[in-house]
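This briefing is meant for a reader who is meeting the structure for the first time. Please keep the sequence and the 3D view open while reading, and follow the topics in order.

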Amino acid sequence: MTTATLPQLTKKDFQTDQEVRWCPGCGDYAILSAVQSVFPELGIRRENFVVVSGIGCSSRFPYYMNTYGFHSIHGRAPAVATGVKIANPELEVWVAMGDSDALAIGGNHTIHMLRRNVGIKVLLFNNRIYGLTKGQYSPTSEFHKMTKSTPYGSPDRPFNPVSLAIGSEATFVARSVDVFQAHLKDTLKHAAAHKGSAFIEILQNCNIFNDGAWFSLTEKDVRSEHVLQLEHGKPLVFGKNREKGIRRKADGDIEVVQLGNGITENDLVVHDAHHPRPSYAFLLSHMEHRPGFPTPIGVFRAWDDLPRYEDVMKDQLQEVISKRGPGDLNKLLRAGDIWEVK
Amino acid sequence: MLFPPSMSHCGILISVGSRRFAYEAILSPHRLILNRATLPGGEFKESGGLSQEMSTLAEVPPTSKTKREVIERAVIRFAGDSGDGMQITGSQFTNTVALYGNDIATFPDYPAEIRAPAGTIPGVSGFQLHFSSNEVFTPGDAIDALIAMNPAALKVNVGDLKANGILIVNSDSFKESDLRKAQMTVSPLEDHSLDKYRVFPVELQRMTRAALQHLGIDAKAMDRCKNFFALGMCYWLYNRSTDPTMRWIGEKFAKKPLLMEANKLALKAGYSYCEATEAFQITYEIPPAQLTPGLYRNVSGNQALAMGFVTAAQKSGLHLFLGSYPITPASDILHELSQYKNFGVFTFQAEDEIAAITSAIGASYAGSLAITTTSGPGMALKTEALGLAVATEIPLVICDIQRGGPSTGLPTKTEQADLLQALFGRNSEAPIPVLAAATPGDCFWIALEASRIALKYMIPVIVLSDGYLANGAEPWRIPKVEDIPAIPVKFAKDPVGFLPYRRDPQTLARPWALPGTPGLEHRIGGLEKQDGTGNVNYEPLNHENMVRIRAAKVAAVVQDIPNVLPEGDPSGDLLVVSWGSTAGSITAAVKAARARGCRIGHLHLRYLNPLPGNVGEILKRYKKVLVPELNMGQLLWVLRAKYLVDAVGLNKIQGRPFKQAELEQKFDEMLGIQGNHR
């Protein structure tokens, strides 16, 4: 396919006639809108998009996208999508999953898809709660969180989805926020440009069962203190007046420093999203758990030198064909010792 | 050989009633149970062509002092420690006699542990072969010759040896410490407990070492060749050439010349030892069997399934996609198919059983012929995804190579206890067609048939095999690829009037609209949907309508499967109904009982859901109905429920196939025949 013959697509082309049935005020609306806005800009024919999901509020996503769509079963979207990708690597496959879908029941598939580097874009809608089952704690809920299934507080320590993805050696890992539309669209475009597995954690508000889960990052008066926006090639600066930064310590760890008094941006860590090794990105992903540190958003890691799984599979097939010739069924059936009865 | 390919021969074809499936009815040899472990020549080689030596009869006749006796059949069992190479030894003997032209049936029996402690009872591995100049249906009840490599192997197996049977033992392994491992205090070689057998104690270890000493390899490596010394002896005993095994050793150890030489020497030494010592006064000759003319090879059930699916993919013009997670006894299908990449086969070793099937569902959605292979425990894990395949109505073949259960159960032993799981093991109303292979070679045809139904009806189809068929092998008449009909596949292309659930009036199949097709963008999923549009729909009447449509679609498959004909008496006192791998022993038992004058018919079912249209009518033609199964009575339960027939079961749940004698005893009991006819 050539871009020359591409029809001009608009956001409307990606909307379906199905009534969207998320709760009013749900963060999913913003994510849907961002995706519908970005898809027409990717230079990909509509029929080549496949949106795959599992189960949960967010997994209704495919029904609202006028593309090919597969609403599968709880947690299995990455496996279904992997099958689609192997069968037809030309397709542009996006997966929508919630935090329980991707990290609880489907955790296994998520990490294996990432370590294989299947060319799939994953949108992880993280609202830190079970929505569709009405309010139990999720694998990203905070320690001691009170929910319907933990009236005395959750005994579980949460996953950090970005750390998990980087730990699985995902080649593209990013984080954005439902209400930061411009940032979200920008992040989606970065993901779309990545050939291998792209994992985007989208912090999303469930205004019914976990309202305000991300308010410390999204409310106007506090967010600049708590959010560090990652930009490749730029120093790690945050704060209302961009007066704080992240500096390397002698032991390799990082610390928060106040700029001024002899400390300038030149002393800070300069973000390198394209580093081939995941350890730096992992260090970044963990800072939000430390007192006084901000929560980074943006692209943690975008290293695209690893071949896609579906290409490895396809190339291997071609390699065997060129080595042994295309399969001859009569020969296959007659392999090994044979004899004739007359 | 039973069930010859030509339908005109007799009325005993298992399930080939009417004309419908030319390829299945005419080409499938429908041969009955034979069994063998992994074939040594099993690796896919594109050598092709007729094998060099058609005759493998030993060129040097035994010396004049030994007598050569021509006999019709023999049952031989190799038994030793799981590290003794008994499966290879048995497979080699099998290959040699099959190449020579005998009909065969084998029964490999090995422990689940890779290496249980050496010399102990749990570590005993056995391989039984029944070979004959006549038809063979089972691996045989009692054995004529036993090769026992240690006391544990002797202890476990000697009970099956016929009186006056040949017993070759490795006398080097009967030291006190060996006996202790087998929990024996006195050597059976000395206490006269073996007096009723023809015992041949042979110092296998010492003599193998003597033959290989000059090679300069260590003692352990030399001892590993002693199974081939024993094999050489057996070739001499049964007047078989060592050539096919020599060839195999040559290929197998092509990159290890020293080991090649060692194994060849051991084989030769065993053969020469018999020649020189005249150990046996009598040797045996079993002439070739009269098989239907054609080109033959040995095939195991798992190999046949793999080849069947490759053939189905080629005949439908699709890529084959296998999503699988290793599990005994199904893994060999994954191993086989992973070699066939030049046939456009994708094999995806998934992270678990669930990903294995869901990836296959994804691949099917994107246009592959998608399959997944597993055994009972994996089948349990795939349950939810099976429901998804039912709801999304996509083609998929699921192979369950059954083993003993519940839970992990008996991983290497055979059982038929997943039938009800296959029929009903899903939440809610989720019917799926179920087919079961009768013999290792039949696995090829079942794979083709399951693929055909899946693609034609846009539906998941379950194939049942079991450990006995999977590892077993039989001489298989190789079909001509040109004679196998194409499997037509139609993808939706036209956006005009396209609806994802608009149905074909005859099959009720919905269109297969592949992602990438312009104008056909649509959504499918596990939520209940409106017929036609496929839109999510929770209306009460729509749900009932959809449940009934999905059931009707499975029921419609009956129009596409042949009626069945009972083998033996078309009506009479007793009908024996079977499915799956018990076909062989039941055929043999029915044949023997009829020879004694009993009026018995045998109905074998390859289609379990839907059942062939005339089963109910056939059940009525007999006074009594018996359903022998290697489970607690699962087909029995189905037949009683569906046809209100007062059938009874014969149930064996020991991880082993039926013996012919067990079956005949039950027939006699039901027919009121007194006494022991045997």
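How many bridges join E12(A) to strand E9 (residues 294-300) of chain B? In this predicted model, four bridges join the two strands, which run antiparallel, and within that pairing Ile338(A) stands opposite Arg297(B) in E9(B).

**Contact between chains A and B**

- The contact between the chains takes 53 residues from chain A and 69 residues from chain B.
- On the side of chain A that touches chain B, at least two residues each are supplied by strand E2 (68-71), helix H2 (77-87), helix H4 (107-116), helix H10 (309-324), helix H11 (329-333) and strand E12 (338-341) of chain A.
- H2(A) provides the largest share of that side, namely eight residues, and the residues of the side of chain A that touches chain B divide into 25 nonpolar, 18 polar and ten charged.

**Chain A as a whole**

- Chain A contains eleven helices and twelve strands, and its C-alpha trace spans about 95 × 50 × 50 Å along its principal axes.
- Of the 342 residues of chain A, 48% count as buried.
- Among the contacts in chain A between residues at least 6 apart in sequence, 66% join residues at least 24 apart.

**Domains of chain A**

- Chain A is divided into domain 1 (3-234 + 271-309) and domain 2 (235-270), and the centres of these domains, taken over C-alpha atoms, are separated by 29 Å.
- The contact between them takes 13 residues from domain 1 of chain A and nine residues from domain 2 of chain A.
- Helix H8 (220-226) and strand E7 (227-229) of chain A each supply at least two residues of the side of domain 1 that touches domain 2, and the residues of that side divide into six nonpolar, four polar and three charged.

**Helix H21 of chain B**

- Helix H21 (residues 660-671) of chain B has twelve residues that, at 1.5 Å a residue, should span 16 Å, and this agrees with its end C-alpha atoms, which are 16 Å apart.
- The buried residues of H21(B) are Gln660(B), Leu663(B), Glu664(B) and Phe667(B); seen down the helix axis, they fall within an arc of 95°, so they line one face of the helix.
- An α-helix has 3.6 residues a turn, so residues three or four places apart point the same way.
- What covers the buried residues of H21(B) includes strand E19 (572-579), helix H18 (583-595), strand E20 (600-605), strand E22 (622-629) and strand E23 (648-651) of chain B.
- H21(B) is followed by Gly672(B), whose phi is positive, near 70°.

**Backbone features in the loops**

- Most residues other than glycine have a negative phi, and most peptide bonds are trans.
- Asn117(A), in the loop between H4 and strand E4 (120-126) of chain A, is not a glycine and yet has a positive phi of about 60°; Asn117(A) counts as buried because it has 23 C-beta neighbours inside 10 Å, where the cut-off is 20 or more.
- Glu393(B), which lies in the loop between helix H13 (376-392) and strand E13 (396-402) of chain B, likewise has a positive phi, of about 55°, although it is not a glycine, and with 24 C-beta neighbours inside 10 Å Glu393(B) counts as buried.
- A cis peptide bond, with omega about -5°, joins Thr328(B) and Pro329(B), and Pro329(B) has its place in the loop between strand E10 (320-324) and helix H11 (331-337) of chain B.
- A cis peptide bond also joins Asn609(B) and Pro610(B), with omega about -10°, and Pro610(B) is found in the loop between strand E21 (607-609) and helix H19 (615-619) of chain B.

Terms used
Residues are numbered from 1 along each chain as its sequence is written. Chains are lettered from A and ligands numbered from 1 in the order in which they are written. This is a predicted model: local features need pLDDT of at least 70, side-chain atom pairs count only at pLDDT 80 or more; totals for chains, interfaces and linings use all residues. Two residues are in contact if their C-beta atoms, placed from the backbone, lie within 7 Å. Ala, Val, Leu, Ile, Met, Phe, Trp, Tyr, Cys and Pro count as nonpolar, Asp, Glu, Lys and Arg as charged, and the others, Gly among them, as polar. Two strands pair if DSSP finds at least two bridges between them. The expected span of a helix is 1.5 Å times one less than its number of residues. A residue is buried if 20 or more other C-beta atoms lie within 10 Å of its own, exposed if 12 or fewer, and partly exposed in between; C-beta atoms are placed from the backbone. The arc is that of the directions from the helix axis to the C-beta atoms. Domain bounds come from an automatic or database domain assignment.
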